[in-house]
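Please walk me through this structure in plain terms.

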Amino acid sequence: MNVFRLCGDLSHLLAICLLLWKIWKSRSCAGLSGKSQVLFLMVFLTRYLDLFTTFISLYNSCMKVFYICASAATVYLIYFKFKATYDVNHDTFRPEFLVVPVAGLAVLVNHDFSLLEILWTFSIYLESVAIMPQLFMISKTGEAESITSHYLFAQGLYRLLYIFNWVYRYYNEGFFDLIAIVAGCVQTVLYCDFFYLYITKVLKGKTLTLPA
């Protein structure tokens with residue numbers, strides 16, 4: 001494992017922990033898109049089915065279990081435990097507009113036409129756009145809490161670091177996965193505007209707002 005992937009994994013862990021801490025500490029899920037979290041849960045459930053068939057390393061297995069359990073816990077907190085604080089009126093993005101095209105693309109463009117491979121490809125494509133309901137929600141409400149902004153920044157940084165990981169692996173290992181790279185680049189592009197606002201506003205103590 002290279003330093004870019006390790007830092008990317010740590011950034012991903014930080015993002016998830018920040019999200020759970022925000023919900024639990026405030027006893028509220030206000031400002032969070034439950035739909036984005038459901039999409040992320042779908043990503044991990046479809047990507048890590050090999051948890052039951054393939055052992056790579058203890059680190060790898062622990063990370064997979066953590067991602068699934070943490071995402072499931074987040075969905076539970078939003079839709080059940082703190083449901084009264086969930087802003088359903090602003091979380092109006094239609095997730096089927098993402099899931100259906102992504103599912104079709106996964107069937108058409110994949111490395112191998114097998115069930116596990118198609119589901120893995122589906123998860124890669126879906127992860128690249130799963131944050132869209134959250135960004136859409138912020139644009140509707142007009143602003144995001146600082147802790148939500150930190151969560152989004154850590155999520156975007158994770159993807160950016162993985163791009164560096166792929167570059168490193170290409171030059172040092174000859175590894176090249178076009179599907180993962182293109183999807184990762186799409187996901188990073190979605191965060192670009194947010195990165196700019198985060199650096200120019202949040203880091204200066206201002207409230208982050210997205211243009212409607």
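The largest cavity is lined by His12, Ile16, Leu19, Gln37, Phe40, Phe44, Ala70, Ser71, Thr74, Tyr151 and Gln155. On a 1 Å grid over the protein atoms alone, a cavity is a set of points where a 1.4 Å probe fits but cannot get out, and a lining residue has an atom within 4 Å of a point. The helices α1, α2 (34-47), α3 and α7 each give two or more residues to this lining. Helices here are DSSP runs (H or I, at least four residues), numbered from the N terminus, and strands would be E runs of at least two. The space in the largest cavity comes to about 70 Å³, where a volume is the space filled by probe spheres set on the grid points, and points are joined across faces, edges and corners. By the rule used, there is one cavity of 30 Å³ or more. Its lining divides into six nonpolar residues, five polar and no charged. In this scheme Ala, Val, Leu, Ile, Met, Phe, Trp, Tyr, Cys and Pro count as nonpolar, Asp, Glu, Lys and Arg as charged, and the others, Gly among them, as polar.

A word on the source is needed here. This is a predicted model, in which local features need pLDDT of at least 70 and side-chain atom pairs count only at pLDDT 80 or more, while totals for chains, interfaces and linings use all residues. Residues are numbered from 1 along each chain as its sequence is written, and side-chain values use heavy atoms, with hydrogens and water left out.

Next come the pockets. A pocket is an open set of grid points with protein on both sides within 12 Å along at least five of seven lines. The largest pocket has a volume of about 780 Å³. It is lined by 29 residues, and the closest to its centre are Arg5, Arg47, Asn60, Trp120 and Tyr162. At least two lining residues come from each of α1 (3-26), α3 (58-81), α5 (115-129), α7 (146-173) and α8 (178-200). Helix α7 gives the most, with six residues. By type, the lining of the largest pocket holds 14 nonpolar, seven polar and eight charged residues.

The second largest pocket has a volume of about 190 Å³. Among the residues that line it are Val102, Leu105, Tyr125, Ser128, Leu178 and Val186. Helices α4 (96-108), α5 and α8 each give two or more residues to this lining, and the largest share, five residues, comes from α8. What types of residue make up the lining of the second largest pocket? It divides into 10 nonpolar, one polar and no charged.

A pair of aromatic rings is described by the distance of the centres and the angle of the planes. Rings of Phe, Tyr and Trp (its six-membered ring) pair if their centres lie within 6.5 Å; planes under 30 degrees apart count as stacked, over 60 as edge-to-face and the rest as tilted. The structure holds 16 aromatic pairs. In one of them, the rings of Phe44 and Tyr48 have centres 6.0 Å apart and planes at 5°, so the pair is stacked. Phe44 has a relative accessibility of 2% and counts as buried, where buried means under 20% relative accessible area, exposed over 50% and partly exposed in between (1.4 Å probe, protein chains only). Tyr48, at 12%, is buried as well.

Leaving out residues up to four places away in sequence, Lys22 touches Ser28, Cys29, Ala30, Leu32, Glu145, Ile147 and Thr148, a contact being heavy atoms within 4.5 Å.

Arg27 lies in the loop between α1 and α2. Its relative accessibility is 39%, so Arg27 counts as partly exposed. Phi of Arg27 is near 55°, a positive value in a residue other than glycine. Arg27 also lies over the face of Trp24, at 4.4 Å from the ring centre. A charge sits over a ring if NZ of Lys or CZ of Arg is within 6 Å of the ring centre and within 35 degrees of the ring normal. The charged end of Arg169 is placed over the ring of Phe175, 3.9 Å from its centre.
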